[in-house]
Amino acid sequence: MTPEELKNISVAKSVDARGTACPGPLLEAKKAIGTISTGDIMEVLSADEGTKVDIPKWCTKQGHEYLGTVEESGYYKIFLRKK
Amino acid sequence: MEEKKMCIGLFTGSVDKLTAAGVVISGAAALDMKVDIYVLLQGARAFRKGIGENADNLPMAENTSMKEEFMQALKNLNVKTWVEFFREARELADVKIHICGLAGKIWGGEKLEDFLDLADDICGIGAYIASAQEADVNLFI
């Protein structure tokens, strides 16, 4: 999805992991994904540079759909759809 | 999805390597891997009740003169302690921690209750090797 589309997307769950270093954001994502329904969209907020590589790979392995990443000032918003 | 399995021989009793192991285990748990951890010689000391919960009791494996800076940096970055990593991974996925019986005895621990409540059982080398044979990923830390 384009950054514009992602900015306007409505998410079922927002996970703010900006206060944690690796593997914090991944663990937060893992915990949160269990609380949403199939087809729901989740965003993960992370200030950790590695997360924007980690989460897409994790999505591939776990079968979730990675939608894209939006860079905000000082952090990233990473979007995915639960499968 | 096919379940993947990781097997770790955890020899270290050093806070830096235990922290690295904690991060690795967390990553495996995030991917729903089944993880078997076999705690060997030095590792069993860190798992002894009254020792490993406090990093002051544990050595550093590398850059040994920089332990204070290392611990402070972990704290500043809001990184969990090694015990917290292990505990959380056990809650997230099928992570089992096995203490080698010989190693336990070296550090004065005979029974499961002599070790941190993270430990699942006390076992021998046969269990480790059997698990290692079946694992998709084998690590020795």
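Helices (H or I, at least four residues) and strands (E, at least two) are DSSP runs, numbered from the N terminus. With those terms in hand, welcome to a predicted model, where local features need pLDDT of at least 70, side-chain atom pairs count only at pLDDT 80 or more, and totals for chains, interfaces and linings use all residues. Residues are numbered from 1 along each chain as its sequence is written, chains are lettered from A and ligands numbered from 1 in the order in which they are written, and side-chain values use heavy atoms, with hydrogens and water left out.

- Pro23(A) sits in the loop between β1 and α2 of chain A, and a cis peptide bond with omega of about 5 degrees links Cys22(A) to Pro23(A).

- Four strands of chain A make an open sheet with mixed pairing, in the order β1-β2-β4-β3; two strands pair if DSSP finds at least two bridges between them.
- At the edges are β1 (13–16) and β3 (65–72) of chain A, each pairing on one side only.
- Strands β2 (residues 41–46) and β4 (residues 75–81) of chain A run antiparallel and are joined by six bridges; Ser46(A) has Tyr76(A) as its bridge partner in β4(A).

**Helices on that sheet**

- Helix α2 (residues 24–33) of chain A packs on the sheet and touches β1, β2 and β4 of chain A, where contact means heavy atoms within 4.5 Å.
- The direction of α2 makes about 160 degrees with that of β2(A); axes are lines fitted to C-alpha atoms, for helices over the stretch in contact, and angles run from 0 to 180 degrees between N-to-C directions.
- Helix α3 (residues 51–62) of chain A lies across β2, β3 and β4 of chain A, at about 5 degrees to β4(A).

**A helix pair in chain B**

- Helices α1 (residues 15–30) and α4 (residues 82–92) of chain B pack at about 20 degrees, their axes 8 Å apart.
- α1(B) and α4(B) are therefore roughly parallel to each other, a label for angles under 35 degrees.

**Between the chains**

- Chain A brings eleven residues to the contact and chain B brings 15 residues.
- About 1200 Å² is buried between chain A and chain B, with 65% from carbon and sulfur atoms; buried area is the accessible area (1.4 Å probe) that two parts lose on being put together, summed over both.
- Leu27(A), Lys30(A) and Gln62(A) supply 41% of the area that chain A buries against chain B, more than any other three residues.

Terms used
Angles under 35 degrees count as roughly parallel, over 145 as roughly antiparallel, 65 to 115 as roughly perpendicular and the rest as oblique.
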